[in-house]
Amino acid sequence: MVVGDYALQGGPQLAEALVAAQTALCFGADEDVLLWKMMQAIQLGPQEVYVTNALKCQPAPGEEPDMAWLRQCGLHLVDEIQSVRPRLICAMGEVAATVLLGGSEPVARLRGRIHNLQAGGEGMAHYPVMVTYHPRFLLRVADMKRAAWEDLQHMQKLLRQRGKSRLK
């Protein structure tokens, strides 16, 4: 499961392109191209990866979601995670990491290791979470692509250990 921040809204040309490609907008047109290149690099296709966003609506330009907004969206995200039951969650960017893990540490401090998400009522399922940079950030700061590639390789290794057959 890949969790980003929110989907950028696009105009009619973007909607037409998405319909033609028979795909849904995950993060934004350019961001989605990079996302799927990243997934392809670790031998994962769209049928093997469930992509969602931590925020279910896009903030207004220049607006940052406050903690109450993040908590509310987090409740919806936990429900979604429990429905999907992923073997691994990739949190892309600070918003996704904040909603999934709580706290406010930057991606640079969170990446490179496995975090644990406890979700759910009675059974309290545990999900491994790895944090990396969001494609939107990587498009602006190309120097960080190497770090993201290292994260992806770590995720690929973890998925191989856990077996890819039940990946959602």
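Tutor: Let us start with strand 5 (residues 125–132), which is largely enclosed by the rest of the structure because six of its eight residues are buried. Please keep in mind throughout that this is a predicted model.

Student: What makes strand 4 (residues 114–119) and strand 5 a pair, and in which sense do they run?

Tutor: Two strands count as paired when at least two bridges are found between them. Strand 4 and strand 5 are joined over six bridges, in the antiparallel sense, and within this pairing isoleucine 114 stands opposite methionine 130 of strand 5.

Student: How many bridges join strand 3 to strand 5, and are the two parallel or antiparallel?

Tutor: Four bridges join strand 3 to strand 5, and these two strands run parallel; methionine 92 stands opposite threonine 132 in strand 5.

Student: Why is helix 3 called roughly perpendicular to helix 4?

Tutor: The axes of helix 3 (residues 67–84) and helix 4 (residues 94–101) come within 9 Å and cross at roughly 75°. Angles of 65 to 115 degrees count as roughly perpendicular, and therefore helix 3 is described as roughly perpendicular to helix 4.

Student: Which residues make that contact, and how do they divide into nonpolar, polar and charged?

Tutor: Helix 3 contributes Met67, Leu70, Gly74, Leu77 and Ile81, while helix 4 contributes Val95, Thr98, Val99 and Leu100. The residues of this contact divide into seven nonpolar, two polar and no charged.

Student: Why is arginine 85 called exposed, whereas glutamine 43 is called partly exposed?

Tutor: The term exposed requires a relative accessible area over 50%, and buried requires one under 20%, with partly exposed in between. Arginine 85 has 56% and is therefore exposed, whereas glutamine 43 has 45% and is therefore partly exposed.

Student: What is the phi value of each of these residues, and where do they lie?

Tutor: Glutamine 43 has a positive phi near 60° although it is a residue other than glycine, and it lies in the loop between helix 2 (29–41) and strand 2 (51–53). Arginine 85, likewise not a glycine, has a positive phi of about 55°, and it lies in the loop between helix 3 and strand 3 (89–92).

Technical notes: Residues are numbered from 1 along each chain as its sequence is written. This is a predicted model: local features need pLDDT of at least 70, side-chain atom pairs count only at pLDDT 80 or more; totals for chains, interfaces and linings use all residues. Side-chain values use heavy atoms; hydrogens and water are left out. Axes are lines fitted to C-alpha atoms, for helices over the stretch in contact, and angles run from 0 to 180 degrees between N-to-C directions. Angles under 35 degrees count as roughly parallel, over 145 as roughly antiparallel, 65 to 115 as roughly perpendicular and the rest as oblique. Contact means heavy atoms within 4.5 Å. Ala, Val, Leu, Ile, Met, Phe, Trp, Tyr, Cys and Pro count as nonpolar, Asp, Glu, Lys and Arg as charged, and the others, Gly among them, as polar. Buried means under 20% relative accessible area, exposed over 50%, partly exposed in between (1.4 Å probe, protein chains only).
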